[in-house]
Amino acid sequence: PSDRLLLSILIATGMRLDEAALLTWEQYQTDKEGLRYFDLSSGAIVKNDEFSARTVAIPDCLDIPQLATEGRLFNFKLDADGKSSKDASRHLNERYLHKIRYDEADNRKVVHSLRHNLIGFMANLSPQPPSEEMDWVTGHGMEGNIKQSERRRSYRQDISVRKKYEIVNRIKHPWLIQ
C-alpha cells in the first residue's frame with residue numbers, strides 16, 4: 001500500500017521522487033475551499049531551485065489515507081544530504097519498473113518517467129494549459145517565453161491551488177481506481 005501510494009502521488013501530481021518520498025503529514029493541507037494539496041513552500045527539502053518550493057494540488061482521483069498526523073508519509077532511508085530519492089528509486093525501480101522493461105538494456109522506464117507522463121498528459125489536454133501553468137504544477141524552471149528576471153520578480157506569485165487543481169483534475173487516471 002505504501003509503494004502504491006507513492007507511485008500514485010508521482011503519476012497524479014508530477015512531483016519529483018525526492019519531493020514525494022520526503023513528504024510529511026504536516027505538508028498535507030486543505031485550503032478554505034476544501035482543496036487538498038502538499039505544501040512544499042517552506043521547510044521542505046526540495047530541488048535546489050526556486051521553482052520547486054510550491055504548493056502541489058492533489059486531484060480527486062488520488063486517495064491519501066490519513067494514517068497519521070505528523071512525521072513522514074514514507075520511511076525511505078535518508079542520505080547524508082537528508083534526501084531519500086536514492087533509496088526510494090532503487091526500491092521502486094527494482095520492485096516495479098524494471099519488470100516492465102523490454103530487456104536488461106532498456107533503461108527508459110524509471111521512476112522519473114512518471115513525472116514526465118504527467119507533463120505529457122497535461123500537454124495532451126484540450127484546451128492545453130499555458131506552458132507556464134504546467135511549469136507551476138511540476139515546479140519546473142519555467143523555461144517559457146518569460147524572461148528570467150520577470151520569473152524571479154513574480155516567483156512568489158505562484159498560481160493558486162485552485163488553478164493547479166483544475167489542471168490536474170482534468171487528467172484521467174483509470175489505473176488509480178481501487
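Three strands form an open sheet in the order β1-β2-β3, and the pairing is antiparallel. Strands here are DSSP runs of E with at least two residues, helices are runs of H or I with at least four residues, and both are numbered from the N terminus. Two strands pair if DSSP finds at least two bridges between them. The edge strands are β1 (28-30) and β3 (55-57), each pairing on one side only. Neighbouring strands are turned by 35 degrees against each other on average, direction ignored. Axes for such angles are lines fitted to C-alpha atoms, for helices over the stretch in contact, and angles run from 0 to 180 degrees between N-to-C directions.

This is a predicted model, in which local features need pLDDT of at least 70, side-chain atom pairs count only at pLDDT 80 or more, and totals for chains, interfaces and linings use all residues. Residues are numbered from 1 along each chain as its sequence is written, and side-chain values use heavy atoms, with hydrogens and water left out.

Now take the sheet strand by strand. β1 is joined to β2 (residues 36-39) by 3 bridges. Within this pairing, Y28 has F38 as its bridge partner in β2. The hairpin of β1 and β2 has 5 residues between the strands, and G34 takes a positive phi near 90 degrees there. Buried means under 20% relative accessible area, exposed over 50%, and partly exposed in between, with a 1.4 Å probe and protein chains only.

Helix α7 (residues 161-169) touches β2 and β3, and its direction makes about 35 degrees with that of β3. Contact means heavy atoms within 4.5 Å.

What does I58 contact, leaving aside its neighbours within four places in sequence? The residues are Y28, R36, Y37, F38, I64 and Y165. I58 sits in the loop between β3 and α3 (85-95). I58 is buried, with a relative accessible area of 1%. R36 is 22 residues away in sequence, but the two C-alpha atoms are 5.5 Å apart in space.

Next, the helices. Why is α5 (residues 131-138) described as largely enclosed? Because 6 of its 8 residues are buried, the rest of the structure largely encloses it. Those buried residues are E133, M134, D135, W136, V137 and T138. Their cover includes α1 (2-13), α4 (112-123) and α7. After α5 comes G139, with a positive phi near 75 degrees. The loop between α4 and α5 holds P127. A cis peptide bond joins S126 and P127, with omega about 0 degrees.

Two of the covering helices also pack on each other. The axes of α1 and α4 lie 7 Å apart, at an angle of about 35 degrees. From α1 come L7, L10, I11, A12 and T13; they meet L114, N117, L118 and F121 of α4. This contact divides into 7 nonpolar residues, 2 polar and no charged. Ala, Val, Leu, Ile, Met, Phe, Trp, Tyr, Cys and Pro count as nonpolar, Asp, Glu, Lys and Arg as charged, and the others, Gly among them, as polar.

Then the largest pocket. It holds about 260 Å³ of space. Its lining has 15 residues, and the closest to the pocket centre are P1, R4, L5, D63 and P65. The lining residues divide into 10 nonpolar, 3 polar and 2 charged. On a 1 Å grid over the protein atoms alone, a pocket is an open set of points where a 1.4 Å probe fits, with protein on both sides within 12 Å along at least five of seven lines; lining residues have an atom within 4 Å of a point. The volume is the space filled by probe spheres set on the points.

Step back to the whole chain. The protein has 7 helices and 3 strands. Along the sequence they follow the pattern α-α-β-β-β-α-α-α-α-α. Of the 178 residues, 46% count as buried. Among contacts with a separation of 6 or more, 64% come from residues 24 or more positions apart.
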